[in-house]
Amino acid sequence: MLIYMLATAMTIAMLIATVFGLHQEAQRVRIKANIKRFEGFGPGKPYRHY
């Protein structure tokens, strides 16, 4: 019985860690996309049109 409780606790812990990791990755990608979107403005790249 104890082994099942430990396995359940580890499974829940891993699911929480996975959700946290996915959330962090999504934020990183979102920030990178926002930086890339505004990269084309300014005097350094005058002919970059999308």
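1. Let's start with the secondary structure: the protein comes to one helix and zero strands. Please keep in mind as you look it over that this is a predicted model. The helix, α1, covers residues 2-37.

2. Next, burial. Of the 50 residues in the protein, buried ones make up 2%. The protein exposes about 5,000 Å², and 73% of that area is supplied by carbon and sulfur atoms.

3. Now to the charged side chains. Side chains of opposite charge can pair when their charged atoms come close. How many salt bridges are there in this model? The count comes to one salt bridge, and Glu25 forms a salt bridge with Arg28. Their closest N and O atoms are 2.5 Å apart, which puts the pair within the 4 Å cut-off for a salt bridge.

4. Where do the two partners sit? Both Glu25 and Arg28 lie in helix α1, three residues apart, or about one turn of the helix. Glu25 has a relative accessible area of 38%, so it counts as partly exposed. Arg28 is also partly exposed, with a relative accessible area of 43%.

Note on methods:
Residues are numbered from 1 along each chain as its sequence is written. This is a predicted model: local features need pLDDT of at least 70, side-chain atom pairs count only at pLDDT 80 or more; totals for chains, interfaces and linings use all residues. Side-chain values use heavy atoms; hydrogens and water are left out. Helices (H or I, at least four residues) and strands (E, at least two) are DSSP runs, numbered from the N terminus. Buried means under 20% relative accessible area, exposed over 50%, partly exposed in between (1.4 Å probe, protein chains only). Accessible areas come from the Shrake-Rupley method with a 1.4 Å probe; for residues, only the protein chains shown count as cover. A salt bridge is a side-chain nitrogen of Lys or Arg within 4 Å of a carboxyl oxygen of Asp or Glu.
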